[in-house]
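Reader: I am new to this one. Could you show it to me and take some questions?

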Amino acid sequence: MTYDVPVAISGAGPVGLSLGLGLARLGVRSVIYEKEAELPPHSRAGAVWQRSLEIFRSWGMLDELKAEGIVAASISPTDVDAQKTIFTLEFGALASETLEPSPVMVPQERTEAVLFAALERTGMSNVRFRHEVVGLAQNPDGVTLRVRDAGGTETEVRAAFAVGADGAHSAVRAALGLTLDGKTYPLRVMLADVVVDDARNDLPWPRFTLLRKEGLAGVLHFGRGLWRIIGPVPADVPDDVVLSEGAIAGLVRVLLGPGPYTQVWGSTFQIHARRARSFVVGRAILAGDSAHLNSPAGGQGMNTGISDAHNLAWKLAAILQDGAVAATLLASYEEERLSVFANDVERNTDAITRAMLLSPLAVRPYLIRIAGLLVAIPFVRARLLRTASMLGQRYRHSPILSGRGAALGARAPDPELACGGPATLVLHGTPPEFAGAAEAAHAVKTRSIDARAARRWRMRGAFAALVRPDGYVGWIAENPSAAGIDAGVRTALGRA
């Protein structure tokens with residue numbers, strides 16, 4: 001099969017743009033089809049967590065993103081009814097394990113704009129607006145997409161792989177006969193973005209209040225002068241009432257205090273916990289909201305999709321450029337990303353949603369106080385930081401994981417390697433000739449580390465470990481032989 005492009009992507013949201021950029025950084029061309037005429041002016045996500053920042057750092061566009069938002073050294077959840085800060089979470093505690101300890105609060109549309117600009121600079125991807133994927137067929141050698149332009153003309157595009165990053169109503173997922181299975185929560189949520197230009201921008205946040213009828217409403221600072229109000233919508237109240245000038249003015253007054261403001265956007269939506277039963281069918285792959293949906297509690301949806309793209313990009317590049325085994329690497333993508341979503345993202349966001357949005361109103365003030373007490377416990381605070389930042393996510397089962405060690409399937413203990421980059425073989429106490437042999441046989445970088453650096457890896461003696469291009473440890477072993485290193489590297493990079 002001859003291809004028009006190696007990888008065709010449906011959807012130019014943060015996940016599609018991230019995948020295009022990740023592929024471009026690895027020398028793989030792509031085309032992205034987006035049915036809208038331009039990038040959206042308003043979007044839901046407002047936080048880029050530390051794991052995503054590590055990825056953006058490896059892609060060379062982190063400084064531009066930081067310039068668009070607020071680098072949050074800490075957050076201080078504040079009960080405005082009691083006029084009390086419940087606790088303060090200092091992100092500096094993560095400085096020993098990541099080069100990016102503080103999240104960036106930034107509107108999703110600015111994140112998308114930065115990704116789009118970085119992708120355009122590569123010259124490796126063509127984003128085609130007003131083009132919609134409306135059908136898909138495939139055989140063992142490739143995928144043929146049917147694409148419709150704004151005038152209604154349909155054309156066929158042949159690609160080695162197709163990726164659906166086209167959201168909850170994914171055309172690619174529908175063409176594969178897959179659905180998002182799970183649950184829809186029995187509540188709607190409203191969002192309203194307001195701009196404030198006075199001393200209220202220095203208030204601690206997030207700020208929340210317990211409304212008598214609706215429940216818990218809050219506000220986040222996620223841009224210079226920009227605040228996002230979030231709250232539940234009563235079943236019997238229409239959207240135009242919830243988003244009316246009077247309703248928003250009342251929430252601003254309660255949450256931020258009296259003073260002028262400008263409302264720039266508002267929306268309501270249902271929240272879900274759903275996922276497709278498969279993320280890969282043949283040479284068609286799902287990523288982001290096309291593959292899974294979670295509650296917005298914790299702000300992990302967009303960030304999970306960015307990690308999907310990071311995980312997938314190096315695997316597609318390895319198949320296309322290095323002859324890696326497609327079936328093995330695609331199976332690893334599905335198993336790794338599906339398990340992280342189900343066991344980490346979905347579980348954590350569901351727990352927050354049930355506690356803060358669905359529990360009896362009378363119970364919620366007590367849950368908030370308990371949260372404050374728990375965060376004061378050092379190991380609870382550390383776990384909360386690693387969960388919120390998404391730095392603690394790890395892969396426990398995968399066809400390309402092998403060996404034994406505390407770091408297996410986790411982000412590399414070395415903060416620089418954890419960001420991602422060329423596959424790197426880390427060596428400690430092994431014969432010097434092992435490094436040269438690995439470089440020659442596998443075209444990987446090698447890094448020999450001393451005893452002090454080795455302590456991060458929690459291994460007892462000499463060891464070797466393969467850090468994949470996405471910054472995760474794919475193989476690790478104590479006292480390995482040259483043959484053991486060869487087998488471990490091959491497996492971790494999908495060449496076995």
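**Pockets, cores and sheets**

Reader: What is the volume of the second largest pocket?

Author: This is a predicted model. In it, the second largest pocket has a volume of about 360 Å³.

Reader: How many residues line the second largest pocket, and which lie nearest its centre?

Author: The lining of the second largest pocket divides into seven nonpolar, three polar and seven charged residues. In total, 17 residues line this pocket. Those nearest its centre are Arg-386, Ala-410, Arg-411, Pro-413 and Arg-458.

Reader: How many cavities of 30 Å³ or more does the structure hold, and how much space lies in the largest cavity?

Author: The structure holds one cavity of 30 Å³ or more. The space in the largest cavity is about 50 Å³.

Reader: Which element gives the most to the lining of the largest cavity?

Author: The lining residues are Arg-51, Ser-307, His-310, Asn-311, Arg-337, Gln-393, Tyr-395, Asp-470 and Tyr-472. By class, two are nonpolar, four polar and three charged. With three residues, the element that gives the most is H8.

Reader: What is Ile-285 in contact with, leaving aside its neighbours within four places in sequence?

Author: Ile-285 is one of the residues with the most contacts inside the largest nonpolar core. Leaving aside neighbours within four places in sequence, Ile-285 is in contact with Phe-161, Ala-162, Val-163, Gly-164, Phe-279, Val-280, Leu-312, Leu-316, Leu-330 and Tyr-333.

Reader: How many residues has the second, separate core?

Author: Ile-75, Val-252, Leu-255 and Ile-368 are included in the second, separate core. Its residue count is 40.

Reader: Is Gly-323 buried or exposed?

Author: Gly-323 is found in the loop between H8 and helix H9 (326-358). Its relative accessible area is 59%. Exposed means over 50%. So Gly-323 is exposed.

Reader: How far apart in space are Gly-323 and Tyr-333?

Author: In sequence, Gly-323 and Tyr-333 are 10 residues apart. In space, C-alpha to C-alpha, the distance is 17 Å.

Reader: Which strands are the edge strands of the open sheet of eight strands?

Author: The eight strands have the order E7-E6-E15-E16-E17-E14-E18-E21, with mixed pairing. An edge strand here pairs on one side only. The edge strands are E7 (84-85) and E21.

Reader: Over how many bridges do E14 and E18 pair, and over how many do E18 and E21 pair?

Author: E14 (residues 181-195) and E18 (residues 262-275) pair in the antiparallel sense, with Val-195 opposite Thr-262. E18 and E21 (residues 292-293) also pair in the antiparallel sense, with Arg-275 opposite His-292. E14 and E18 pair over 12 bridges, and E18 and E21 over two bridges.

Reader: Why is one side of E22 and of E24 left without a neighbour in the sheet?

Author: The order of this open sheet of five strands is E22-E26-E25-E23-E24. Strands E22 (402-403) and E24 (445-448) stand at its edges. One side of each is left without a neighbour because each has a single partner strand.

How values were computed:
Residues numbered from 1 in each chain as written. Predicted model: local features only at pLDDT ≥ 70, side-chain atom pairs only at ≥ 80, totals over all residues. Heavy atoms only, no water. 1 Å grid on protein atoms, 1.4 Å probe; cavity = no way out; pocket = protein on both sides within 12 Å on 5 of 7 lines; lining within 4 Å. Points joined across faces, edges and corners; volume = space filled by probe spheres on them. Nonpolar A, V, L, I, M, F, W, Y, C, P; charged D, E, K, R; others polar. Core = buried A, V, L, I, M, F, W, Y, C linked by side-chain atoms within 4.5 Å. Buried < 20%, exposed > 50% of the residue type's maximum accessible area, 1.4 Å probe, protein only. Contact = heavy atoms within 4.5 Å. Helix = DSSP H or I, 4+ residues; strand = E, 2+ residues; numbered from the N terminus. Pairing = 2+ DSSP bridges.
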